[in-house]
Amino acid sequence: MTTMMSISDMYVRFETPFGLLEAVRGVNLEIPAGASVGIVGESGSGKTVMSRAAMGLLSGSNVRREGKVVFNGRELTAMSKEEVRNQFGTGMAMIFQDPMTALNPVRRVGTQISESLRVRLGMDKKQAMQRSAELLSLVRIPDPEAMLRKFPYQLSGGMRQRVMIAIAISCNPELLFADEPTTALDVTVQAQILQLLSDLRRDLKMSMVLVTHDLGVVANHTDFVAVMYAGEIVEQASTTELFANMKMPYTRALLESIPNIEMKSGARLKVIEGRLPNPVDRPKGCGFVTRCTYAQQKCHDEHPPLVDAGNGHLYRCWYPLGHTIARKQ
Amino acid sequence: MRGSFWVQRFAQLLITVFCVTFGCSLLVQLLPVSPAEILLPVGSPEERELLTKEIGLDRGPIGYYLKWLGEFVQGDFGDIYYSGGTESVSSRLAVAFPRSIWLMIYTQVLSLAVAIPLGVWSAYRVGKRADKAISNTLFTLSSIPNFAIALILVLILGVRLQWLPTLDYQPYSAGIWEHFKHMIMPVVSLSVGLIAAYTRLLRADMIAALREDYILMAASKGLTDRRILWRHAFRPSSVTLFTSAALNMGALIGGAIVIETIFATYGVGFEVFAAISGRQYIALQSIVGLISIFYVVFNLIVDILAGYVDPRTRDRRVNA
Amino acid sequence: MRKRKYTIPTYFAFAWLGLAVFLAIFGSFLPVDGYQVIHGDFIDSPPLTPGHWFGVDSNGYDIFSGIINGARLSVFIAIVSVGLGGAIGALLGITAAYYRGRYDSFINSTFNVVLSVPNLVLALALVAVLATNVDINEAVPTWRRLVTLIISLTVVIIPILGRIARAATLAWSGREFVVAARSMGMRDRDIIKRHIVPNVLPALIAVGFLAVGVVIIAEASLSLLGVGIPDGASWGGMLARGRNDLEYNPHALYIPIIALAFTVISTNHVGDVLRGGLDRREGRL
């Protein structure tokens, strides 16, 4: 299996009035060609920043990015701004969380889809419009011709998200980043959109990075999973291995916070107590220590390294689940 | 739904015109002396009585206003009274209006032509040296009163270098260059403050727009910065700018009093001043009425244009 | 939180305004010639002439004395008008936004109507009406012109600051602590006094500085048009006189321009800095 994108030793820091904020701390991640990789974590864990930094979309005078990103055998982090831009649309594309804010409110749907086709693929106006209509039917929008003339505010959330997907896949990207693509949508629409993404990935032979806070989404739609916490990857494995053999107390806590159809009615959802550590002033031990039911003294004192359980299953914990010493309580 | 919005908006604006002109007519009633006495200082009591009747001052505040309004809507704007005779306000305005309209158009075009690139550029380079330099320079310039700029221009370009005429207005028929030569200094004096105000507005809205997700989305499509700035960020940020530009049109037509006086352009602003200082209250009322009608018309035009520039405002209206 | 540090221009603006206010209050006690003393031997002297450091204009008036005396008038008029206009505007704006209803829509539309008339037109019209004597041939005394001017400029300021007060009150009266105070049966007057006014005041002061600039410019414009304080005693009056003699005596023009511009730049800058501080405070809430 070839590698679509590999990220090594990535750090992202923001200069803020309160000090240097470390949003991503030493992330290493491989995205195999044709695979779907899930990145999971609660909000503030650095997953969105990480995916944007990987694509090279973070800008601003207060952003410091370190590390190496190789895309399709070429080093993105060594490219000029122009060269990176030439990868967008055709090489990689992104779907954003909120289709309400990510579509330009003053431009028509047709203009927004055909823009990439014209600018990136050099189509003329008529061709681009025709192709836009095809793309809209590809994302299962009824009456695509009428849709082309509408403004985003005239559409429902699900329709908007389909339009955004159409824009993202318009130039046949090899790698698609989907940043919480269903979070802003109604529950009934979420499943449809996720199914659409999975089908498109299969049909168009794309790789995909699915960023989400929902382990349930990851279970059904990805091949590999990386769990992020406080800017670091804390657990990483193939999806089947992760769910069969969970190592991190944090991952377990995330899973338990999802409502489940098999739960008895009246059963209480578990909430992860406490908050993420202050990103400007990190504690020296494990970042999850104050919220972890299994925490020991060592967890307070030493930062756990990322270790390999043997089968490519990585985790960052002194006392992983299944470890007998941890089960004192 | 849409129709009722326009009816409501139009009614609102008509009420503004009504209030402004009625306020003007009340000013006349507030005078400690009879306006007839002011208008005809040397006339006989009979002549004054005739004048009082003619203006409608014998009908009480409401009657006086209604008489004025009736004549106003028929296009009769009243007369200006001299010791020797009268002159109709319309004939004065026929001369003054075109001058003010040109002054206003040139000023707006120059201000927007300078402010739009500056605003877009400084929002793009926000916090950088170019942005700070633009902001500070414009801030300083905008704090200098426009008449001070006018006087400095006169001193340098008119008196010292003798490049431009310091007084008078020339119509197009006198030659395009002559026309512009007389317009440059008044227009520049009026534009400096507007450029600063417009740049500031646009910069703030552009900075907000550039933080939106749809800009990131546009960047992720592989578009150039230039295209993102102009095609994606400028349009949604320009509504406030154009609204405030339209609101300025009324003020530029009637409010450029000092500049029109300094350069002897003698447009509507000067007529307002002349009417006030000559105590020609009927003329004043009519001119102010006309200016407020302009204000209303520009307001409506902007409302319509805003719907095209930003379709969201259309939606808001339908919901309103 | 990081402590906000003022920059050098801000200190300069404060210093200049302090000086202007000082001159406005104590100007007449300074050992300077009266501005109307005619120095016949020095007519049209350029700046830096010993004894007349800012020069002398073509009437023989010393420009330095003129500037100091002008500060007295220009700054005095501005402070009084903005103070009065701000107080009335705040009263109207705050009560309108607090009590809402018909009273509010009346106040708000009145503000809008008055604002739709250009500043200078409004001030001019008021001056013209208020300074009319019963006997129209009798000259209007200076004190009455001064009062007239202040009233007119106050009327110009009322809707400007009133609208700011109204908007700020609208924003604050929806806040939890006001709703809580109301639900606990606190009297409206006390809520306004204890909760609304302290929160609206900072915004009002910031815009008040900008309004001082507006008034100084308006007063100068009126003087330039010849309807201000007679005798050309204010900075605007000096401009009006200096304008007549551009060719031989440009310093009679640019020195008052510099004084005016510095003052307006300073008030605008201070207003801006204060407003920026407010935005930061709001941003943290």
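This is a predicted model: local features need pLDDT of at least 70, side-chain atom pairs count only at pLDDT 80 or more; totals for chains, interfaces and linings use all residues.
**Notebook: the B–C interface and the sheets of chain A**

I began with a charged pair: Arg200(B) and Asp272(C) form a salt bridge, with their closest N and O atoms 2.5 Å apart. For this I took a salt bridge as a side-chain nitrogen of Lys or Arg within 4 Å of a carboxyl oxygen of Asp or Glu. The count between chain B and chain C is 1 salt bridge.

Residues are numbered from 1 along each chain as its sequence is written, chains are lettered from A and ligands numbered from 1 in the order in which they are written, and side-chain values use heavy atoms, with hydrogens and water left out.

**Chains B and C**

How many residues of chain B are in contact with chain C? I found 39, facing 36 residues of chain C; contact means heavy atoms within 4.5 Å. The two chains bury about 3400 Å² between them, 81% of it on carbon and sulfur atoms. Buried area is the accessible area (1.4 Å probe) that two parts lose on being put together, summed over both. Phe147(B), Leu151(B) and Ile276(B) supply 16% of the area that chain B buries against chain C, more than any other three residues.

**The sheets of chain A**

Next I looked up strands, which are DSSP runs of E with at least two residues; helices are runs of H or I with at least four, and both are numbered from the N terminus. Two strands pair if DSSP finds at least two bridges between them.

One open sheet has 4 strands in the order S2-S1-S4-S5 (chain A), with antiparallel pairing. Its edge strands are S2(A) (19-32) and S5(A) (74-75). I counted 11 bridges between S1(A) and S2(A), and I saw Thr3(A) opposite Pro32(A) in S2(A). Helix H1(A) (47-55) lies across S1, S2 and S4 of chain A, at about 115° to S1(A). Such angles run from 0 to 180 degrees between N-to-C directions, with axes fitted to C-alpha atoms, for helices over the stretch in contact.

Another open sheet has 8 strands in the order S6-S7-S8-S3-S9-S10-S12-S11 (chain A), and its pairing is mixed. Why do S6(A) and S11(A) each have one side without a neighbour in the sheet? They stand at the edges with a single partner strand each, so one side is left without a neighbour. S6(A) and S7(A) run parallel, joined by 4 bridges, and Met94(A) has Phe177(A) as its bridge partner in S7(A).
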